[in-house]
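Please keep the sequence and the coordinates open while reading.

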Amino acid sequence: MLLSVVIPVYQAEEIIHELINRIQTALIITSLQYEIILADDGSTDNSWKVVQQICEDDKKIKAIKLSRNFGQHSAITSGLDYCNGDWIVVMDCDLQDRPEEIPNLLNKAKEGYDIVFARRIHRVDSFWKKFYSGLFYKIYSWLTGIKHDGSVANFGIYNRKVIEVLKKMKEPMRAFSPMVRWVGFNKAFINVEHSARHSGKSTYNFKKVFNLGADIILSYSDKPLKIIIRVGFIISIISFLISLYYLTMYFMGKITVSGYTSIVLSIWFLGGLIIFILGVIGLYISKIFAGIKNRPLYIVDKLINL
């Protein structure tokens, strides 16, 4: 049985040696044949040079260099397309996902599960990162109608048949964890320790997190469109009732001067609402536009040991 470990790499020149050493130490326990696939997502530091050196020293370590930065989830997709394992581990490169948990994931999978997620029991992240993550998953769970655990990310082990289904999903808005949840199969969770970053700072700033969250929601839920329909219907009913009220008051002679304030407020409120609705619809149309172009999910520049 072959075990593949797929890792997206970005701006990680100081981490890669430690990452590989700890993974190899952890995999010795499993007594399995293995391959480690590093997918460099257009790093601008010396990450690729470090990867090249490691791959030259050990043929079990393989590498993909993307032509530019396509995003973490596209980099994961590239690694999945090239891996050969019967079981595939996906993890981040910053060592917050502990390589020492891989044998535990594998042992749980051997109990008959196709997917085993690593649940981070104590997230070692900043307050704001945990806050935004928790808020996003609450909104996402409400919009999709499926409960999503914010303590679960990409780290986990996946059966080959799960990965083969994921490889058929070609939508340009990539989000590995929601895609895995969508495909179904027999899932399990194990609690794992979450570590602090080995070095450097996270490249996920608020803007990137916000854009990723918006992409995921728009790609996996049509509930915002349904909410717009309901809001429009409610406003129509309220407007109709208010019109009847003022019409009645007019015929009763209680309204002699038209209200300037009410007209201005109504115009601004309805104008802002219409712009908001058009904006949401426009976002959905932009995702459709991105999809119908049918561009590749990533572009490979170089391959090593593949």
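Ser78 is found in helix 3. The model is a predicted one, and the values quoted here are computed from it. Ser78 has a relative accessible area of 0%, so it counts as buried. Setting aside neighbours within four places in sequence, Ser78 is in contact with Ala39, Ile64, Leu66 and Tyr298.

The buried residues are Gln72, His73, Ser74, Ala75, Ile76, Thr77, Ser78, Gly79 and Leu80. An α-helix has 3.6 residues a turn, so residues three or four places apart point the same way.

The strands come next. Strand 1, residues 2–9, is mostly covered, with 7 of its 8 residues buried. Strand 1 pairs with strand 2 (residues 33–40) in the parallel sense, over 8 bridges. Within this pairing, Ile7 has Leu38 of strand 2 as its bridge partner. Strand 1 also runs parallel to strand 4 (residues 87–90), and 4 bridges join the two. There, Leu3 stands opposite Trp87 of strand 4. In a regular strand the side chains alternate between the two faces of the sheet.

Ala63 lies in strand 3, which spans residues 61–66. Because its relative accessibility is 0%, Ala63 counts as buried. Apart from neighbours within four places in sequence, Ala63 is in contact with Leu38, Trp48, Val51, Cys55, Lys302, Leu303, Ile304 and Leu306. One of these contacts, Leu38, is also the bridge partner of Ile7. Val9 and Ala63 are 54 residues apart in sequence, and their C-alpha atoms are 9.9 Å apart in space.

Two residues deserve a look for their backbone angles. Most residues other than glycine have a negative phi, and most peptide bonds are trans. Phe185 has a phi near 70 degrees, a positive value in a residue other than glycine. Phe185 lies in the loop between helix 7 (176–183) and strand 7 (187–192), and because its relative accessibility is 34%, Phe185 counts as partly exposed. Asn305 likewise has a positive phi, near 65 degrees. Asn305 lies in the segment after strand 8 (300–304), and at 27% relative accessibility it counts as partly exposed.

Finally, the chain as a whole. The chain has 10 helices and 8 strands. Of its 306 residues, 44% are buried. The chain exposes about 17,000 Å², with carbon and sulfur atoms supplying 61% of that area. Among contacts between residues at least 6 apart in sequence, 83% join residues at least 24 apart.

Terms used:
Residues numbered from 1 in each chain as written. Predicted model: local features only at pLDDT ≥ 70, side-chain atom pairs only at ≥ 80, totals over all residues. Heavy atoms only, no water. Buried < 20%, exposed > 50% of the residue type's maximum accessible area, 1.4 Å probe, protein only. Pairing = 2+ DSSP bridges. Contact = heavy atoms within 4.5 Å. Areas by Shrake-Rupley, 256 points an atom, 1.4 Å probe, with all protein chains shown as cover.
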